[in-house]
Amino acid sequence: MNAAEILAHIEALEPGLHRAYLDSVRSTVDSATVAEVERLIADENEGALVDLLSLGALALLAEGLRAAFLAGGRREMAAIVIPRQLRQEIGRPEFDISLPPAQAWLSEQSRSVRQEAADSVREAIASVLASRRASAGPARTARQAALDLVGRISPQTGQRSGGVLGLPGNMAQYVANARRQLLSGDPEQLKQYLQRVRRDRRFDSIARRAIETGIPIESKNADKIVGRYAERLLATHAEMLARTAAAESFSAGRDRAWEQLVEQGLDRSRIEKEWRDRADEKVRNSHRHMRGQRALLGQPFRTNSGELLLYPGDSSLGAGMDEIANCRCICIYHLKA
């Protein structure tokens, strides 16, 4: 496959993964009883809240990862041109997802995604509880905190939206900070809110009026503004998660296809892989540094900071989100004569 084909396949997988994550969040929010969330917040029973608001097995997301892995392996295998004499040695090249190495990768990937989601739920809950304790002025009631967590019912859709459930800890904290800025009545803090990239600019006039008049924003308006900000952050997070997971799973399937050929008898030393990026201003510096870098199959690429990746998006060797999130790079495999 050439670069354009690889990128097109990955991008086609992203919407399904995006929907799968948001559907899991929606299902959890819809099944939550606000009165129970309120009671647990009043009791500061963080452990019970985590259990109650868990995103569960994320079955649809796990199935999407499996589909992306399978698509990568099958398409790579179909595109590999194997010399006739080698075909006689290795037999019919067909990607087999049932083999133990493939199943092991899928199992670990599903476990990792579930763990990250569980961590995000725990961090979001901790952020809401901490914000309630640290609230300046009148403390937020347990009811208000419960709605901050699971969202408020939208008069337009009849569904809850604008909660922090489903956001990672740092984004949940962005929401708490935005609410504090809006309710502060302090012109400087209100100006800081107006610098937030993901805010809904349709509400900017409310913040500007508070700056000009010195009259604090009403709590109900702040909740509406912050809720919309949280919705946008959730969409951003789901988009990042989908893009990152699609790229890693598809790339892992492609890499496994070559490993499978080695297991069938192809000489590993004949397989070389090359790191390629989009060659635009969005490419992160560490990946630009790897442009054109080559390695044998099974050996990692190395960033200029020492991080190791078997292929773009790979997290199996410890590369963090700063190296894999939203990565648009690809790997090209070469079969040497």
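Modeller: The axes of helix H1 (residues 3-31) and H11 come within 7 Å and cross at roughly 130°. Axes here are lines fitted to C-alpha atoms, for helices over the stretch in contact, and angles run from 0 to 180 degrees between N-to-C directions. The angle makes H1 oblique to H11. Oblique is what remains once angles under 35 degrees (roughly parallel), over 145 (roughly antiparallel) and 65 to 115 (roughly perpendicular) are taken out. The crossing of H1 and H11 is right-handed. In a right-handed crossing the near helix is turned clockwise from the far one by less than a right angle; anticlockwise is left-handed. The contact of H1 with H11 holds 16 nonpolar, 3 polar and 4 charged residues. Nonpolar covers Ala, Val, Leu, Ile, Met, Phe, Trp, Tyr, Cys and Pro; charged covers Asp, Glu, Lys and Arg; the others, Gly among them, are polar.

A word on the source. This is a predicted model, so local features need pLDDT of at least 70 and side-chain atom pairs count only at pLDDT 80 or more, while totals for chains, interfaces and linings use all residues. Residues are numbered from 1 along each chain as its sequence is written, and side-chain values use heavy atoms, with hydrogens and water left out.

H11 also meets helix H4. The axes of H4 (residues 59-79) and H11 (residues 219-263) come within 7 Å and cross at roughly 45°. That makes H4 oblique to H11. H4 passes H11 in a right-handed crossing. By class, this contact has 14 nonpolar, 5 polar and 4 charged residues.

Now look at the ends of H4. Leu58 sits in the loop between helix H3 (46-52) and H4. Leu58 is not a glycine, yet its phi is positive, at about 50°. Is Leu58 buried or exposed? Leu58 is buried, with a relative accessible area of 3%. Buried means under 20% relative accessible area, exposed over 50%, and partly exposed in between (1.4 Å probe, protein chains only). Ala78 lies in helix H4. Ala78 is exposed, at 68% relative accessible area. Its C-alpha atom is separated by 7.9 Å from that of Pro93, 15 residues apart along the chain.

Next, the core. The largest nonpolar core has 66 residues, and Val37 and Leu53 have the most contacts inside it. H11 gives the most to this core, with 14 residues. A nonpolar core is a set of buried Ala, Val, Leu, Ile, Met, Phe, Trp, Tyr and Cys residues joined through side-chain atoms within 4.5 Å. Leaving out residues up to four places away in sequence, Leu53 touches Thr28, Ala32, Val37, Val121, Ile125, Leu149, Val150 and Leu165. A second, separate core has 32 residues, including Leu261 and Tyr333.

Step back to the chain. There are 13 helices and 7 strands. These are DSSP runs numbered from the N terminus: helices (H or I) of at least four residues, strands (E) of at least two. Of the 337 residues, 47% count as buried. Among contacts (heavy atoms within 4.5 Å) with a separation of 6 or more, 68% join residues 24 or more positions apart. The C-alpha trace spans about 80 × 40 × 35 Å along its principal axes.
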